[in-house]
Amino acid sequence: MQLLNKKPESLLDIPMHYCPGCGHGIIHRLTAEVMDELNIRSRAIGVAPVGCAVFADSYFNCDMIQGPHGRGPAEATGIKRSKPDAIVFSYQGDGDLASIGMAEIVHAAIRSENITVIFVNNAIYGMTGGQMAPTTLIGQKATTCVEGRTAKQAGYPIRMSEMLATIDGVTYLERTTVHTAPGVLKTKAAIKKAFQNQIDCKGFSMVEILSMCPTNWGTRLDNPSEATKFVNDNMMKVFPLGVYKDAKTV
Amino acid sequence: MAEKTLMKGNEALAEGAVRAGCRFFAGYPITPQNEVPEYMSWRLPQVGGAFVQAESEVSAINMIYGAAATGVRCMTSSSSPGMSLKQEGMSYCAGADLPIFVANVMRGGPGLGNIAGAQGDYWQATRGGGHGDYRTFVMAPNSVSEMANLPAKCYEAAFKYRIPSMILADGILGQMMEPVEFTAPEVDPKKLTEPSWALGLNHGREKRIVKSYDLREGYLEKIVLERIKRYKQIEQTEVLYEEKMMDDAEIAIVAYGTSARISVAGMRLAREKGLKVGLLRPITLWPFPKARIVELSKRVKKFLVVEMSMGQMVEDVLLSLNGRAEVHLLAKPGAAVATADELYKTIENIVKKGAKEYAAAK
């Protein structure tokens with residue numbers, strides 16, 4: 001028998017709690033594969049968020065810290081400035097990064113902290129049960145906007161990559177998706193680049209990844225294509241994929 | 001350094017922290033503590049440390065959360081309104097058993113209050129401040145020399161018990177200049193052994209996790225109960241206080257920080273008039289010198305609490321005494337400061353005119 005594929009060493013072989021059709025499992029695996037390939041597991045320190053990915057501290061096979069909602073980039077700053085040889089990444093969702101942690105992510109970018117940020121955008125609060133996120137689309141239903149988000153009542157979804165691209169301190173920003181196979185491959189390449197930049201001391205890198213949340217979107221759990229269709233037809237219109245910043249050095 | 005240097009309280013505090021091994025500082029400007037981050041911004045790079053001016057107090061305390069998780073001696077400082085913002089992070093540090101060092105150079109409150117020295121954050125400092133069941137090791141300097149030398153004690157306790165530690169000073173102590181002697185032994189962080197829980201370069205060892213949560217039923221309770229054992233040990237072994245003229249005292253003043261300095265002046269006036277007054281100055285506010293107060297109450301039957309707040313520390317004195325002696329209060333809220341004369345008159349009123357005690361007056 002020949003072993004063709006195995007779980008990356010940077011991911012522990014324990015069951016994950018994520019719902020069927022959720023994108024976090026894919027994104028965890030891609031991050032772990034990149035850590036293996038760049039051989040940085042033994043010096044990686046990951047920052048787990050508050051939200052669905054709170055248990056990322058259990059799944060990644062490297063040193064991990066879990067702290068307050070939205071403060072990941074601040075924690076990562078303290079870690080990186082104290083241990084410059086460590087490879088520090090902050091793994092965050094859209095409520096965490098684009099709402100309560102807006103100041104922390106913007107100012108980490110302004111300081112060009114030499115860290116890697118994995119930003120998972122699924123346009124909803126998952127862990128708390130499907131409330132409206134800052135990234136929730138106009139018309140999208142959530143438990144705090146049951147008739148769908150309206151601009152009049154709640155404003156418009158925030159485009160983090162576009163906004164952060166205006167900041168001089170940012171080295172690399174790309175928005176990708178994991179709802180298709182090519183998207184998964186592109187996401188992995190982007191994550192790899194975001195880590196390589198840190199290894200090369202190039203400054204702040206972030207990958208924004210569009211991801212599925214069938215449970216809280218109310219799409220069918222037995223038919224995951226409903227959720228991938230939502231990413232394809234709705235999210236990608238508001239959050240276009242692409243490289244938003246790729247500076248050589250900052 | 002054996003010789004004395006003339007220094008401002010806030011600068012002595014910063015230099016004291018550096019000498020105690022601090023190598024990471026994050027802070028945000030707020031009066032009257034600005035000299036601390038200003039000093040750290042040039043001083044830390046000299047010793048191979050790092051300084052970050054954070055975008056907010058919230059971010060600063062979370063930078064400390066991250067830095068402390070790597071085992072480094074780190075610090076943030078602020079003043080009252082900023083300390084409120086830091087309470088989220090304080091709670092997480094307590095929950096993750098991280099040995100952080102925080103300084104609060106208190107000002108008038110509540111709200112924006114004013115920028116003069118005050119002691120209105122006693123409850124916030126000693127009762128937790130943030131959410132959940134936890135304690136902070138709190139020390140109260142009363143001179144620029146203590147501003148310089150207590151940070152070492154804070155780090156010592158913080159690392160020994162894995163608990164957040166705090167200097168609770170006020171704007172007067174932060175801004176005044178006095179001769180300082182650095183007596184605490186200087187710490188070279190490179191010579192400290194890396195804590196067994198610190199995140200870092202793992203060289204093939206098992207992964208480590210720093211976190212404050214455990215969702216499994218019954219587990220959080222066990223974690224908190226283990227922490228409470230450490231709190232009990234701190235209460236038994238780490239209490240620090242100073243006494244003046246207590247041997248023959250018939251009335252004991254209890255005061256900390258700037259209030260204790262004023263109390264010494266008021267006490268001298270009273271002694272000149274033949275009133276037998278002594279002073280108990282808690283240096284640790286938590287743990288509070290409860291046992292000493294109980295011991296004193298065997299012969300001292302009148303206690304006077306002097307504080308630059310509405311009557312906060314007096315509750316600890318009342319709890320300690322539990323009815324064993326009369327308790328009086330000279331409270332100066334709103335960044336007001338008692339004068340020595342006012343203090344003398346208060347003492348005279350208690351001793352000679354039988355002023356109503358605080359709890360009864362309530």
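How many bridges join β10(B) to strand β12 of chain B, and do the two run parallel or antiparallel? I was working with a predicted model, and there I found four bridges between β10(B) and β12(B), residues 277-282, with the two strands running antiparallel. Within this part of the sheet I noted that B:Lys244 stands opposite B:Leu279 in β12(B).

I then looked up the sheet as a whole, which is open and has five strands in the order β10-β12-β11-β14-β15 of chain B, with mixed pairing. Its edge strands are β10 (241-244) and β15 (326-331) of chain B, each of which pairs on one side only. Neighbouring strands of this sheet are turned against each other by 20° on average, direction ignored.

Next I checked the helices lying across these strands. Helix α9 of chain B, residues 257-272, lies across β10, β11, β12 and β14 of chain B and runs at about 170° to β12(B), while helix α11 of chain B, residues 313-321, lies across β11, β14 and β15 and runs at about 155° to β14(B).

Turning to helix α1 of chain B, residues 9-19, I found it mostly covered, with 11 of its 11 residues buried; among them are B:Glu11, B:Glu15 and B:Arg19. After α1(B) comes B:Gly21, whose phi is positive, near 105°.

Last, I looked up the whole of chain B, which has 13 helices and 15 strands, and in which buried residues make up 55% of the 362 residues. Its radius of gyration is 21 Å, which agrees with the value near 21 Å for a compact globule with 362 residues.

Notes: Residues are numbered from 1 along each chain as its sequence is written. Chains are lettered from A and ligands numbered from 1 in the order in which they are written. This is a predicted model: local features need pLDDT of at least 70, side-chain atom pairs count only at pLDDT 80 or more; totals for chains, interfaces and linings use all residues. A residue is buried if 20 or more other C-beta atoms lie within 10 Å of its own, exposed if 12 or fewer, and partly exposed in between; C-beta atoms are placed from the backbone. The radius of gyration is taken over C-alpha atoms; the globule rule is 2.2 Å times the number of residues to the power 0.38. Two strands pair if DSSP finds at least two bridges between them. Axes are lines fitted to C-alpha atoms, for helices over the stretch in contact, and angles run from 0 to 180 degrees between N-to-C directions. Two residues are in contact if their C-beta atoms, placed from the backbone, lie within 7 Å.
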